[in-house]
Amino acid sequence: MGHGHGHGHGGSDGRKLTIALAITATVLISGAVGAVVTGSLALLADLGHQVTDVAALIAAVVAARLAQRPPSTRRTFGLGRAEVLGAALNALALLAVTVWVAIEAFERLGDPTPVPGLGLLMFGAIGLVGNLVALLVLSRGAAENMNVRGAALHVLGDALGSVAVLVAAAVTLTTGWVYADTVASLAIVAILVPRTVALLREASHLLLEGAPAGIDVEEVRSTLLALPGVEEVHDLHVWAINDRNPAVSAHLVIGQDGCATADCGEHGVLDAATAVLEERFALHHSTLQVEAAAHAAHESACVPPEPSPAVSASANV
C-alpha cells in the first residue's frame, strides 16, 4: 500500500469570514434601526435577508474552524467536509429567502405599498457600503473555498438588496412610481437563483462522493494503465473531502515483467503512479494497492454474487 499526502488549508479563511460577519452584523443593526424609524416594508424585507445572512456567516465561520481540526481516530479525514456541508446549508437558506422575496414581490404587484424614498435612500446607502466591504474581504478566497463562496453569495445578495433599495428610493423620489421596489426585488431573485442552485449542485456532488470538477476519471485510469508494468486498474475512486483536497484510491495489477520494467516491481510502480497522479492531476492524496494478477483474481472471487432471479422474485414478494 502507498500513500501520497498534500494539504492545502486556507488559514485565513476563518479570519475573512469573521470580518465579514462583523460587518454584516453592523449592517443588520443599521437596517433594523432604519426599518423602525421609516416603517418601510422594503427595509424590513431586506432586514429579514440580513438576519439569514448573519446566521449563514456564523455557520460558515464555525465550518471553517472545524475544518482546521486535525484528523482523529474517529474522524480519520478530519472535519474538512464541514465546509461543504456549510456551503450546502447556506445555499438552501439563500434559496428559501429568494423564494420568499419572489412570493412577496408578486403579492405586492397586486397591492402596491408606498415607501418613504428619503429613508430608503439613506439606509440603503449605509447597507451598500457595508456589504461591498464584506464582499471585498470574501472575494479573495471565494474561488478556492466553497464555504467562503457560499458566504460571499449571501453578502452579494445583501449588496444587490441595498442597490435595489437605492434604485427604488431614487425612482420613488423622482417619479413616485409605487412598483419600483417590487420590480427591483424580482431582478435580485433572477440574479441570485442560478448562482445559488449552482452552488447547491456543487456541494451535493461532493457530499455524494462525486469526482471533483476538472478531473476526468477515465483519463486517470488510462494514465495509470500506461505505466510500465501495469496490466489492469480496478477499484478506482476519485473524490474530494472539500473543494481543495481531492483524493484517489486504486488497485494496480502488475504483470510478471513488472519488476524488470519498473525498478523493483511493486515499489517502482507505486512511486511512478504516485508521481504521475500528483504532477498531472494534482491528486496529492493517493491510496494505491499494487498487486499481482493472481491476487486480483482472488479479489474477484470475494465479491458477493448477484442474486438469482428466483431470489429476487421472492424478495420482491
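Axes are lines fitted to C-alpha atoms, for helices over the stretch in contact, and angles run from 0 to 180 degrees between N-to-C directions. The structure is a predicted model, in which local features need pLDDT of at least 70, side-chain atom pairs count only at pLDDT 80 or more, and totals for chains, interfaces and linings use all residues. Residues are numbered from 1 along each chain as its sequence is written, and side-chain values use heavy atoms, with hydrogens and water left out.

The protein chain contains eleven helices and four strands. Helices (H or I, at least four residues) and strands (E, at least two) are DSSP runs, numbered from the N terminus. Of the 317 residues, 47% are buried (under 20% relative accessible area, 1.4 Å probe, protein chains only).

The unreviewed UniProt entry places the feature "transmembrane region" at residues 20-44, 79-103, 115-138, 150-171 and 177-198. Such annotations may be inferred rather than shown by experiment. Residues 79-103 are 92% helix and 0% strand, with end C-alpha atoms 37 Å apart. For residues 177-198 the figures are 86% helix, 0% strand and 34 Å.

Helix 5 (residues 146-175) packs against helix 6 (residues 180-207) at an angle of about 175°, and their axes lie 8 Å apart. The two helices are therefore roughly antiparallel (angles over 145 degrees). Contact (heavy atoms within 4.5 Å) involves residues of helix 5 including Gly150, Leu153, Gly157 and Gly161, and residues of helix 6 including Ala184, Ile188 and Arg195. The contact residues comprise 15 nonpolar, five polar and four charged. Here Ala, Val, Leu, Ile, Met, Phe, Trp, Tyr, Cys and Pro count as nonpolar, Asp, Glu, Lys and Arg as charged, and the others, Gly among them, as polar.

Conventions: Buried < 20%, exposed > 50% of the residue type's maximum accessible area, 1.4 Å probe, protein only. Parallel < 35°, antiparallel > 145°, perpendicular 65-115°, else oblique.
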